[in-house]
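Here is a colleague's note to read beside the model. Take the points in order and find each residue as you go.

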Amino acid sequence: MKTKPLVLSALFAALTAVGAFLRIPIPPSAVTLQFFFTAMAGLLLGRKYGAISQVIYVALGLVGLPIFTMGGGLGSVLQPTFGFLLGLIPCAWVIGTLTKKSCTTRRVVLASVVGLAVLYAAGLPYMALIMNAYLGKGWSFFDVLYKGMLLFLPGDALKILVCTLLAPRLRQRLGNIH
C-alpha cells in the first residue's frame, strides 16, 4: 500500500473525530461536521481510502476511544445515532465512486447528495429500531423522519456547498490518490 493514501486516511479519520465535537445539539442528536469530513474523504481520497478512513474512525470509537458525539465503546451500538456512524463508511465509498473520473461542481453536488442519502438510509432505520424497540419511545415514521433527517437538511446543504467549493481545488493539489 502507498504511504500517502494511508496517512491521509488516518488524517480524515482524525478530522471526522474532531467533527463529532463541533456540534450544535438538536435532541436526540446534534448537527456535526462528521458528514462534511466523510464527504471530503470520499471526494479527495476516492472510494477505497475514503471508506478506509471511516472504518478507522468507527473502529477506534468502538474500541473505546471517546470520539463519537456520544462517547465511545461497544455500548455505542445501543445509541440511536450509531446507524449514522456505520453509514459514514458506505457514504464515503459512494461519494468516492461517483467522483472517481471527475470532480466538477455538478459531480460533487450529485455525489454528495447521493452519499448523504446513503447515510440517511443507514441511520434512520437504525434510529427507529433503537428508539422504538430498545428505548420504547414509540416514535412514528414521521417522528423518525423529522427528528432524524429533516431538522438536519439545511446544515447538510451548507456542508455540501462547502465541499463543492473546496474539493476540486484540494483534489487538484493532492494529485490522484484514487
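1. Start with Leu170. Leu170 counts as partly exposed because its relative accessibility is 34%. The cut-offs are these: buried means under 20% relative accessible area, exposed means over 50%, and partly exposed lies in between (1.4 Å probe, protein chains only). Leu170 sits in helix α6. Helices are DSSP runs of H or I with at least four residues, numbered from the N terminus.

2. A word on the source. This is a predicted model, in which local features need pLDDT of at least 70, side-chain atom pairs count only at pLDDT 80 or more, and totals for chains, interfaces and linings use all residues. Residues are numbered from 1 along each chain as its sequence is written, and side-chain values use heavy atoms, with hydrogens and water left out.

3. Together with Leu158, Leu161, Val162, Leu165 and Leu166, Leu170 forms a nonpolar patch on the surface. The patch has about 490 Å² of accessible area in total. Patch members have over 30% relative accessible area and no salt bridge; nonpolar side chains (Val, Leu, Ile, Met, Phe, Trp, Tyr) are joined within 5 Å, like charges within 9 Å. Accessible areas come from the Shrake-Rupley method with a 1.4 Å probe, and for residues only the protein chains shown count as cover.

4. Gln172 is also in helix α6. Is Gln172 buried or exposed? Gln172 counts as exposed, because its relative accessibility is 68%.

5. How many salt bridges does a search of the whole structure find? It finds one. A salt bridge is a side-chain nitrogen of Lys or Arg within 4 Å of a carboxyl oxygen of Asp or Glu. Here Lys159 and Asp156 meet, at 3.4 Å from N to O. Both residues lie in helix α6 (residues 153–174), three residues apart, about one turn of the helix.

6. Now the positive charges. Arg47, Lys100, Lys101 and Arg107 form a positive surface patch. Lys and Arg count as positive and Asp and Glu as negative, while His and the chain ends are not counted. The place of a charge is NZ of Lys, CZ of Arg, CG of Asp or CD of Glu. Arg107 belongs to helix α4 (residues 105–134). Its relative accessible area is 36%, so Arg107 is partly exposed.

7. Look next at Leu98, in helix α3. Leu98 is partly exposed because its relative accessibility is 26%. The C-alpha atoms of Leu98 and Arg47 are 8.5 Å apart, although 51 residues separate them along the chain.

8. Then the inside. The largest nonpolar core has 43 residues, and Phe35, Met40 and Tyr57 touch the most other members. Two or more residues come from each of α1 (3–21), α2 (34–62), α3 (82–98), α4 and α6. Helix α2 gives the largest share, twelve residues. A nonpolar core is a set of buried Ala, Val, Leu, Ile, Met, Phe, Trp, Tyr and Cys residues joined through side-chain atoms within 4.5 Å.

9. Last, Ser53, which is found in helix α2. Why does Ser53 count as buried? Because its relative accessible area is 0%. Ser53 and Pro5 are 48 residues apart along the chain, and their C-alpha atoms are separated by 9.6 Å.
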